[in-house]
Amino acid sequence: MTFSVKRFMAIFQKDLKDLYRNLYVSSTALMPLIFAVIYSRIGEVPLAMHLFVITLSLALVGTFLQCAIIAEEKEKNTLRGLMLSPATLTEILAGKSAVTIVITIIVTAVSMFIMDFSFTGRGWLIAGILLSLVFFIALGTWMGLITRSVLEASVYILPVMFIFGMANMFIGLADQFSFLQVLEYTPGIQLEEIAEFSEAGAGFDELWKPFAIILAWVAATLVLAAVTFKKRMMD
Amino acid sequence: MIEVKSLEKIFGDKRALQDVSFQVKKGETFGFLGPSGSGKTTTIKILTGQMRQSAGTANVFGIPVSQLNTPEYRKRFGVVTDNSGLYARLTIYDNLKLYADLYGTSLQRIDEALESVNLGSEKKTQVAKLSKGMTQRVLLARTLLHKPELLFLDEPTSALDPANSKHIHNGLKELNRQGTTIFLTTHDMEEADHLCSQVAFLNKGVVQLLDEPKQLKKQYREEIIGIELKDGRELELPLKASSAEEIQQYISREMVERIYTKEPTLGDIFVEVTGRELV
Ligand SMILES: Nc1ncnc2c1ncn2[C@@H]1O[C@H](COP(=O)(O)OP(=O)(O)OP(=O)(O)O)[C@@H](O)[C@H]1O
Ligand SMILES: [Mg+2]
């Protein structure tokens with residue numbers, strides 16, 4: 001297995017340039033920023049609100065962007081050309097993931113800046129966000145491999161957005177609708193726990209559990225994406 | 001360069017290729033001719049590793065096509081199919097720059113490749129604004145960037161007007177002169193005649209005939225002399241001694257407008273061999 005940094009960079013640059021001109025997909029990345037602006041007007045907001053915007057950003061930017069840019073390559077018959085070039089599918093997906101990661105981090109950081117939320121002294125939370133980002137990107141990669149068009153991607157992202165992106169909001173309704181309690185296990189809620197526990201001065205002896213749950217999500221989606229990826233390599 | 005033996009491809013219960021065998025030698029321009037649905041694109045897909053055959057062997061560069069999926073081998077060939085795509089939001093230049101980087105060729109090649117398809121002045125144009133023919137020329141330029149040893153072209157001029165077809169034909173001839181082996185499919189018989197050193201007739205998944213265009217035309221030439229007389233009559237006489245006297249009479253009486261032999265086109269030969277029109 002070879003990996004060429006030069007080819008990876010070529011894909012990265014191309015996707016960045018292309019995304020810049022892709023209003024439909026890039027405007028989705030503005031959603032978390034819009035929420036951030038709205039909440040910043042409210043004034044004093046609870047920690048949970050910040051975590052809601054962070055999780056929304058991870059799902060909407062991380063997962064959707066990744067899924068949409070992979071799906072579009074298939075829709076426009078450009079993936080075939082890349083696959084016939086010396087670029088390997090690993091290089092292609094790595095280049096795309098890098099674009100998604102960069103943009104997700106920027107959008108998340110800017111949203112938090114707008115909401116006056118400082119990351120200083122929140123090392124645990126940053127670690128949790130980065131780990132969750134792997135999950136959201138892997139989920140987007142898997143969805144990109146199974147969807148055939150940007151339109152399909154926009155439909156498939158809806159359940160992801162409701163379950164993973166907005167869990168922090170819907171969990172408030174869990175008292176009335178007990179089935180919503182499963183949302184407890186989403187990475188978003190686990191991030192909220194990490195933020196709250198570490199705020200209260202907890203160490204790793206208490207924090208390991210939310211990290212382990214997020215890690216389980218990461219492992220599951222990585223396996224899912226890898227299996228689908230292998231299948232795609234064949235045909 | 002290419003060796004194909006008893007190639008077979010089955011889609012469900014449909015047999016797209018039944019028994020295809022042929023060889024392409026280095027330096028040839030090989031025309032793969034056949035009507036729509038005869039299996040031309042399927043053959044290219046198998047040869048470029050985009051699809052597995054159901055049976056038979058296919059070797060390219062002397063190795064089985066199943067082993068062609070490494071960056072090193074992919075650098076040695078180029079492909080343009082009818083469903084290749086470009087990035088519509090990017091400029092022609094940016095589209096080619098991506099591929100120049102992927103193939104590790106110099107950026108100077110972009111200008112040279114665009115020049116060879118007559119698009120030197122359109123570098124900065126966004127691909128979304130191009131006509132179908134221009135898009136096809138950009139795709140061709142894209143595969144020329146890395147000067148492949150072997151070029152697969154699936155109906156390269158099907159969307160082009162005669163002037164641009166001619167330009168592409170000249171470009172391909174030049175490329176071939178410089179050593180690129182070309183495998184092209186087409187149902188344009190004139191194109192095949194003009195470009196190819198070998199042609200294969202594919203019909204219903206079987207290669208029915210394989211030879212040089214010149215040989216084919218010689219072989220299928222009708223043994224007839226046509227005479228057009230000044231009074232408008234047209235005669236066809238067998239190319240035999242028995243016709244000599246009659247012909248001489250027309251000539252000595254200065255009645256002849258034109259004398260010709262009947263050369264079949266590749267299209268005529270295709271119909272004769274397969275009993276099918278090439279559409
Ligand atoms: N992926 C596929 N699944 C099922 N059948 C297919 C598939 N690809 C091709 N075929 C069938 O195989 C046959 C050969 O198709 P192919 O595309 O190779 O023809 P072609 O010679 O390239 O035709 P054209 O000149 O129209 O491009 C056709 O009957 C087609 O319907
Ligand atoms: Mg075809």
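This is a predicted model: local features need pLDDT of at least 70, side-chain atom pairs count only at pLDDT 80 or more; totals for chains, interfaces and linings use all residues.
How many residues does the contact take from chain B, and how many from chain A? It takes 25 residues from chain B and 26 residues from chain A.

On the chain B side, three residues stand out: Tyr87(B), Arg89(B) and Leu102(B). They supply 30% of the area that chain B buries against chain A, more than any other three residues.

Next, chain B by itself. Chain B has 279 residues, and 52% of them are buried. It contains 10 helices and 13 strands. Its C-alpha trace spans about 70 × 45 × 30 Å along the principal axes. Of the contacts in chain B with a separation of 6 or more, 66% are between residues 24 or more positions apart.

Now the nonpolar cores. The largest has 57 residues. Those with the most contacts inside this core are Leu82(A), Leu153(B), Val199(B), Phe201(B) and Leu266(B). Helix H3 of chain B, residues 92–103, gives the largest share of the core, eight residues. There is also a second, separate core of 54 residues, and it includes Val61(A), Ile129(A), Leu133(A) and Leu139(A).

Back to Leu82(A). Not counting residues up to four places away in sequence, Leu82(A) touches Ile11(A), Glu73(A), Ala87(A) and Ile92(A) in chain A, and Tyr87(B), Leu98(B), Tyr99(B) and Leu102(B) in chain B.

On to the second largest pocket, with a volume of about 320 Å³. It is lined by 15 residues, and the closest to its centre are Leu93(A), Ser97(A), Ala138(A), Thr141(A) and Leu222(A). Three helices of chain A each supply at least two lining residues: H6 (89–114), H7 (123–146) and H11 (204–234). H7(A) gives the most, six residues. By class, the lining has 12 nonpolar and three polar residues, and no charged ones.

Is Thr104(A) buried or exposed? Its relative accessibility is 1%, so Thr104(A) counts as buried, the cut-off being under 20%. Leaving aside neighbours within four places in sequence, Thr104(A) is in contact with Ser57(A), Leu58(A), Val61(A), Gly62(A) and Leu133(A). Val61(A) and Leu133(A) are also among the residues of the second core.

Methods:
Residues are numbered from 1 along each chain as its sequence is written. Chains are lettered from A and ligands numbered from 1 in the order in which they are written. Side-chain values use heavy atoms; hydrogens and water are left out. On a 1 Å grid over the protein atoms alone, a cavity is a set of points where a 1.4 Å probe fits but cannot get out, and a pocket is an open set with protein on both sides within 12 Å along at least five of seven lines; lining residues have an atom within 4 Å of a point. Grid points are joined across faces, edges and corners, and a volume is the space filled by probe spheres set on the points. Helices (H or I, at least four residues) and strands (E, at least two) are DSSP runs, numbered from the N terminus. Ala, Val, Leu, Ile, Met, Phe, Trp, Tyr, Cys and Pro count as nonpolar, Asp, Glu, Lys and Arg as charged, and the others, Gly among them, as polar. A nonpolar core is a set of buried Ala, Val, Leu, Ile, Met, Phe, Trp, Tyr and Cys residues joined through side-chain atoms within 4.5 Å. Buried means under 20% relative accessible area, exposed over 50%, partly exposed in between (1.4 Å probe, protein chains only). Contact means heavy atoms within 4.5 Å. Buried area is the accessible area (1.4 Å probe) that two parts lose on being put together, summed over both.
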